[in-house]
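Please look over the fold, the charged side chains and the backbone geometry of this protein.

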Amino acid sequence: MSDAVARRVCSPAGRVTKSLLGYGALAGPFYVIVVLVQGLTRPGFDLTRDDASLLSNGGLGWIQIANFLVSGAFVLAFAVGLGRALGSGRGATWAPRLIAGYGLGLIGGGIFIADPMNGFPPGAPAGHPATISGHGVLHLIAAGLGFLCLAAACFVMARRFAADRRRGWMTYSIVAGVAFLVAFGGLASGSASPAVVLAFWSALLLVWSWMAAVAVHFYRRVS
């Protein structure tokens, strides 16, 4: 077997790692497409005003619940693959743990449903609810912790890329982490202005894209 062919052949452990990393590339597109299809077709939902979590309510709420659970499982699989790909060195312990924290946050967001608000689903009161239910509080906690874990993972991976002297990847990771943290802060402030909501959607797309790019980067390096 030539050296070129040998380099293309993965070991059994490498194939498992590649499969796990692949879920990191799939998670974002899967989540975003399911949300967009619902957001554009479910009556009363406004992508410029409403959070995706509200889609868990109503007769078709099971679709978004399943989206949270499946996407979370994809992210957990990616976290395992990332840990295997990183091996040792800076970020090898905490980057996978923080990614897993985001995956658990997604799953928690599916188990604990957000309270109806802003007139969605149709018939719900306008604006924010006067009181938040127990499952609504747990949803906010799961989402908040998950988002913080994801932003922290960007910064931990930035340090790893810096140690590996990959400045482009380091910069990409920092920008994604900062943008997402700032956008999440705006949303957490309670503002429902279209500018804040759309900024969060943009940051979420950026950080999902970052995850997919990192997954592909390490997928190509596994042998």
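**Overall fold**

The model is a predicted one, and the protein in it has seven helices and zero strands, so that, by the definition of these elements, its order from the N terminus on reads α-α-α-α-α-α-α. Taken along the principal axes, the box filled by the C-alpha atoms is roughly 65 × 30 × 30 Å. The radius of gyration is 19 Å, which agrees with the value near 17 Å that a compact globule of 223 residues would have. Of these 223 residues, 45% count as buried. Among contacts between residues at least 6 apart in sequence, 72% join residues that are at least 24 apart. The accessible surface comes to about 10,700 Å², and 69% of this surface belongs to carbon and sulfur atoms.

**Charges and salt bridges**

Side chains of opposite charge can pair when their charged atoms come close. With a cut-off of 4 Å between a side-chain nitrogen and a carboxyl oxygen, the count comes to two salt bridges, which are set out here.

| Salt bridge | N to O distance | Relative accessibility of Arg | Relative accessibility of Asp |
|---|---|---|---|
| R49 and D50 | 3.0 Å | R49, 31% | D50, 0% |
| R160 and D164 | 3.2 Å | R160, 10% | D164, 32% |

Buried means under 20% relative accessible area. In the pair formed by R49 and D50, the arginine R49 is partly exposed at 31%, whereas the aspartate D50 is buried at 0%. In the pair formed by R160 and D164, the arginine R160 counts as buried at 10%, whereas the aspartate D164 counts as partly exposed at 32%.

**Backbone features in the loops**

The loop between α4 (94–111) and α5 (134–163) holds P121, and a cis peptide bond with an omega of about -5° joins F120 to P121. N118 also lies in the loop between α4 and α5, and its phi is positive, about 55°, although N118 is not a glycine. With a relative accessibility of 14%, N118 counts as buried.

A positive phi, here of about 60°, is also found at R165, which is not a glycine either. R165 sits in the loop between α5 and α6 (167–188), and at 77% relative accessibility R165 counts as exposed.

Technical notes:
Residues are numbered from 1 along each chain as its sequence is written. This is a predicted model: local features need pLDDT of at least 70, side-chain atom pairs count only at pLDDT 80 or more; totals for chains, interfaces and linings use all residues. Side-chain values use heavy atoms; hydrogens and water are left out. Buried means under 20% relative accessible area, exposed over 50%, partly exposed in between (1.4 Å probe, protein chains only). Helices (H or I, at least four residues) and strands (E, at least two) are DSSP runs, numbered from the N terminus. The radius of gyration is taken over C-alpha atoms; the globule rule is 2.2 Å times the number of residues to the power 0.38. Contact means heavy atoms within 4.5 Å. Accessible areas come from the Shrake-Rupley method with a 1.4 Å probe; for residues, only the protein chains shown count as cover.
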